[in-house]
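Subject: Structure handover

Hi,

Here is the structure I promised to pass on. Please open it and keep it in view while you read my notes below.

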Amino acid sequence: MNANPAGSDLVIGAGVIGSRVARMLAEGGHRVSVVSRRGSGPAGGTHPAGVTHLAADAADADAMARLAEGAAVIYNCVNPAYHRWPTDWPPIAASLLGAAERAGAVLVTLSNLYGYGPAARSLGVSAYDQAHPMTETTPLAATGRKGQVRAQVWLDALAAHQAGRVRATDVRAADFVGPGAQSALGERVVGRIRQGKSVSVLGRADGPHTWSYTDDVARMLVAGTDPRAWGRAWHVPSNEPLSQRQVIADFARAAGVGEVRVRTLPPVLLHGMGLVWPLMRELRETEYQFRDDFIMDSSVAQATFGLKPTPWEEIIEATVLTASW
């Protein structure tokens with residue numbers, strides 16, 4: 001394991017978001033070290049000047065503490081295997097929180113909306129719709145394993161922040177869209193659309209849903225070094241909600257393939273696939289995100305940091321006309 005250059009910002013995770021954060025920091029004149037298991041960037045990606053790639057396990061507390069020495073900021077952009085979140089996230093989060101505390105570094109964590117859980121009918125909210133969107137003050141009331149573990153990652157960091165042991169912030173994104181995104185409407189779906197093939201989606205094809213563009217996610221993470229960001233969560237500046245069918249239609253238009261057929265996966269089929277496919281089994285827990293309205297409000301982050309979501313037409317063009325990131 002190579003040493004982290006003194007004074008470098010430390011980005012943990014070399015996936016779509018971590019790599020974008022590293023590039024933005026490097027373009028701003030920062031020295032950046034990107035840590036991943038293999039010590040390499042994304043397939044087909046370039047390594048910008050000022051970015052060093054290091055190999056280490058994010059769950060290795062001693063390794064992370066050594067690499068964090070002298071770092072001003074640690075960006076937690078780790079993305080464990082989806083079905084292993086309950087087992088992999090706790091040691092990774094504890095490792096990076098401890099490294100930030102020992103180094104005196106700001107800890108900026110990439111998170112999502114899972115911690116809120118389904119809309120709470122006990123509070124008179126049956127869906128996260130236009131009248132009741134998710135905000136940063138929505139209770140962390142997840143009922144599933146993945147949502148609970150993501151909520152706990154932030155609660156532990158917040159407790160350390162409030163105790164004066166670390167400066168921490170949580171950046172919460174909706175489902176990703178953009179080149180290289182691995183999500184409900186990510187690379188797999190975009191690839192089929194480019195070929196004019198039919199697309200299968202979870203839940204309702206016509207339910208309103210918030211989408212976060214990968215570049216906007218990275219920009220909000222970089223803004224997490226602002227002292228105003230510390231000690232609380234922020235939603236990634238995102239455009240107005242669109243249904244899965246609307247997004248697919250926009251992508252198809254940009255690809256010039258005409259109308260693409262959209263099918264929904266019946267719950268019984270999802271259950272059957274889950275018996276043999278771990279990913280499908282895990283998706284059953286979060287199916288509510290596509291079955292119900294799922295709208296996130298990012299107005300507070302936009303007003304505080306002066307960040308606006310990338311115009312939707314630019315997102316469409318970047319996503320559809322880029323073969324891979």
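Start with the second largest pocket of this predicted model. Its lining includes Asn 76, Pro 90, Ala 93, Ala 94, Leu 97, Leu 107 and Thr 109. Val 149, Gln 152, Val 153, Asp 156 and Ala 157 line the pocket too.

Which elements give two or more residues to this lining? They are α3 (85-103), β5 (106-112) and α4 (145-162). Helix α4 provides the largest share, with 5 residues.

Sorted by class, the lining has 8 nonpolar, 3 polar and 1 charged residues. The volume of the second largest pocket is about 150 Å³.

Now turn to a pair of helices. Helix α1 covers residues 16-27, and helix α6 covers residues 214-223. The two pack at an angle of about 60°, and their axes are 9 Å apart.

Which residues make the contact? From α1 come Val 16, Ile 17, Arg 20, Val 21, Met 24 and Leu 25. From α6 come Thr 214, Asp 215, Val 217, Ala 218, Arg 219, Leu 221 and Val 222. By class, the contact of α1 with α6 has 9 nonpolar, 1 polar and 3 charged residues.

Best wishes

Technical notes:
Residues are numbered from 1 along each chain as its sequence is written. This is a predicted model: local features need pLDDT of at least 70, side-chain atom pairs count only at pLDDT 80 or more; totals for chains, interfaces and linings use all residues. Side-chain values use heavy atoms; hydrogens and water are left out. On a 1 Å grid over the protein atoms alone, a cavity is a set of points where a 1.4 Å probe fits but cannot get out, and a pocket is an open set with protein on both sides within 12 Å along at least five of seven lines; lining residues have an atom within 4 Å of a point. Grid points are joined across faces, edges and corners, and a volume is the space filled by probe spheres set on the points. Helices (H or I, at least four residues) and strands (E, at least two) are DSSP runs, numbered from the N terminus. Ala, Val, Leu, Ile, Met, Phe, Trp, Tyr, Cys and Pro count as nonpolar, Asp, Glu, Lys and Arg as charged, and the others, Gly among them, as polar. Axes are lines fitted to C-alpha atoms, for helices over the stretch in contact, and angles run from 0 to 180 degrees between N-to-C directions. Contact means heavy atoms within 4.5 Å.
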